[in-house]
Amino acid sequence: KATVFASANIDPLGSYLLKGSLIDDSIAEIKKLIEETVELKKFRVVTVTGKNYSNAGSSIVQELAFSLAQGAEYLNFLTASGLGIDNVAKKIKYDFAISPNYFMQIAKSRAARMLWAQIVKAYHPNCKCSCKMEAHAETGSWNKTLYDPYVNMLRTQTEAMNAALGGVESITVLPFNAIYEAPTTFSDRIARNQQLLLKEESHLDKIVDPSAGSYYIEELTVSIAEEAWKLF
């Protein structure tokens, strides 16, 4: 029996944030889809689009706090609709932007997992596994240059690396020319190869939390978690 690893980018609260209107019956539709896919253990239904905050100019603390608040709202709405917390939490994933601030980004990803676990625990899940955050990361758009686009390859490479070191489950590397034109065959190939370079030559997929034990990153993680929690 094959395992399906997939997700649906359903985010009515994120759409509300961008467009100012909430789709009618969106929570009821999400509930129905969760019930229909309960047997697909690795299929996520709701995506908290945290990258919207970062690409709009938020700080790392703001992106994390606002994203967690959005995720908590989904927990509130969906558990109030009659679903169990275990079913709901396992159907939510996060989509963060990757900032160019190298160590802060690593710490943000680590802090996000800590805080989400605390939020889900407050709903008293039956299984601790429900507290695990599923996080995707996408290279940011606001810091890319139009005038020397090949420099964007360096920026997206370091961003992808700090996301991997921070422990996200999946990464999107945007092509270096994505901010000003439709990506070309060449730029798409380079973007794919950037991830393969980190995986096949740097072996970043072989180590769990390689930054653990670093005093600097551990302190940054705690500091970001504390400030994001206050804002949350």
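Predicted model: local features only at pLDDT ≥ 70, side-chain atom pairs only at ≥ 80, totals over all residues.
Which residues in H6 meet Thr158, Met161, Asn162, Leu165 and Gly166 in H7?

Residues are numbered from 1 along each chain as its sequence is written, and side-chain values use heavy atoms, leaving out hydrogens and water.

Let's start with the sheet. It is open, with five strands in the order E1-E2-E3-E4-E5 and parallel pairing. Helices (H or I, at least four residues) and strands (E, at least two) are DSSP runs, numbered from the N terminus, and two strands pair if DSSP finds at least two bridges between them. At the edges are E1 (6-10) and E5 (170-172), each pairing on one side only. Further in, E3 (residues 92-98) runs parallel to E4 (residues 135-139), joined to E4 by five bridges. There, Tyr94 stands opposite Ala135 in E4.

Now for the helices. H7 (residues 151-166) lies across E3, E4 and E5, at about 140° to E3. Angles run from 0 to 180 degrees between N-to-C directions, and axes are lines fitted to C-alpha atoms, for helices over the stretch in contact; contact means heavy atoms within 4.5 Å.

H6 (residues 102-121) packs with H7 at an angle of about 35°, the axes being 8 Å apart. Back to the opening question: the H6 residues are Tyr102, Gln105, Ile106, Ser109, Arg110 and Arg113.
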